[in-house]
Amino acid sequence: MKINEDKMNYSEYFTNRSTDEITKDLIGRPLIFISHGKKLGGYIVEAEAYMGKKDRAAHSYGGRRSPANEGLYRKGGTIYIYSQRQYFFFDVACQEENEPQGILIRAIEPVWGIDEMTQNRNGKNGVLLTNGTAKMMQAFGIHSRNWDLHFLSDSPFAIDLNDENKKVAQKIIASARIGINQSDPIWAKKKLRYYVAGNPYVSNMKKREMREDHGWQRR
DNA sequence: AAAACGATCATCT
DNA sequence: GATGATCGTTTTA
């Protein structure tokens, strides 16, 4: 695994293209969290793009800025952790500083440290382990905003950008984002949520749509 | 299998 | 005092 080499590329990777293109590209890449020396994580199967000041559904809509959403305003590759009710979300900022766009990682297919993650989730296993952003954070054992505002390479998080380690989806579906304010007809309907067709770990995936091969291409 | 709803708290008005 | 980029359980078909 050549993760270290690629750490240098986070700045470039999270600024080179439009945020929705980056979001789509992240599907199938490994997301890793090191906890007590143990490697936890899995493949990203679902993510949403938030397009900044103009995006009605984004926390930074209209240039809103406060300590709560400061992470979005930092340079691409900065972690933005947001809490709502008793839950935590994991985002990565995109584009240059002061261009508050970002990606919400919504779900992973668990691969590494499944026993530890199951413990962190109080015994919940299978699909329920990580099919939602707050569930994933619970599986990592995260109960604070401690890593908010840290750059990816200065944190226990890693996204493996090496193409050799990326799973390729047979089909990536674009749909409307989940749980957002529906009052704006344009932005509520934009297809900025991307997920692996048929993967059981995608949130709200219907049983009849799940596929035996989890929707990945054969290598 | 899908829809409804209550929990619960930092943040902002 | 209202409000969510949710979750888990209960209700309904």
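Start with DNA strand B and select the residues around it: Arg 64, Ser 66, Ala 68, Arg 85, Gln 86, Arg 145, Lys 206 and Lys 207. A residue is near a strand if one of its heavy atoms lies within 4 Å of it. This is a predicted model, where local features need pLDDT of at least 70, side-chain atom pairs count only at pLDDT 80 or more, and totals for chains, interfaces and linings use all residues. Residues are numbered from 1 along each chain as its sequence is written, chains are lettered from A and ligands numbered from 1 in the order written, and side-chain values use heavy atoms, with hydrogens and water left out.

The surface near it has 5 charged, 2 polar and 1 nonpolar residues. Here Ala, Val, Leu, Ile, Met, Phe, Trp, Tyr, Cys and Pro count as nonpolar, Asp, Glu, Lys and Arg as charged, and the others, Gly among them, as polar. Of the DNA strand B atoms within 4 Å of the protein, 72% belong to sugar or phosphate and the rest to bases. Pick Arg 145: a side-chain N or O atom is 3.4 Å from a phosphate oxygen of DNA strand B.

Now select Arg 85. One of its polar side-chain atoms lies 3.4 Å from a base nitrogen of DNA strand B. A polar side-chain atom of Arg 85 also lies 3.3 Å from a base nitrogen of DNA strand C.

Move to DNA strand C. It is surrounded by 19 residues, the closest being His 59, Tyr 87, Phe 89, Asp 91 and Gly 179. The nearby surface divides into 10 nonpolar, 5 polar and 4 charged residues. Zoom in on His 59, with a polar side-chain atom 2.8 Å from a base nitrogen of DNA strand C. Then take Arg 121: its side chain places an N or O atom 2.9 Å from a phosphate oxygen of DNA strand C.

Next, Ser 175. Is it buried or exposed? Ser 175 counts as buried because its relative accessibility is 14% (buried is under 20%, exposed over 50%, partly exposed in between; 1.4 Å probe, protein chains only). Show its contacts (heavy atoms within 4.5 Å): leaving out residues up to four places away in sequence, Ser 175 touches Lys 190, Lys 191, Leu 192, Arg 193 and Tyr 195.

Last stop: select Arg 56, Ala 57, Ile 180, Asn 181, Ser 183, Asp 184, Trp 187 and Ala 188, which line the largest cavity. On a 1 Å grid over the protein atoms alone, a cavity is a set of points where a 1.4 Å probe fits but cannot get out, and lining residues have an atom within 4 Å of a point.

Definitions and conventions
A polar contact is a pair of N or O atoms within 3.5 Å; within protein, one must be able to donate a hydrogen and the other to accept it, and residues adjacent in sequence count only if both atoms are side-chain atoms. On a 1 Å grid over the protein atoms alone, a cavity is a set of points where a 1.4 Å probe fits but cannot get out, and a pocket is an open set with protein on both sides within 12 Å along at least five of seven lines; lining residues have an atom within 4 Å of a point.
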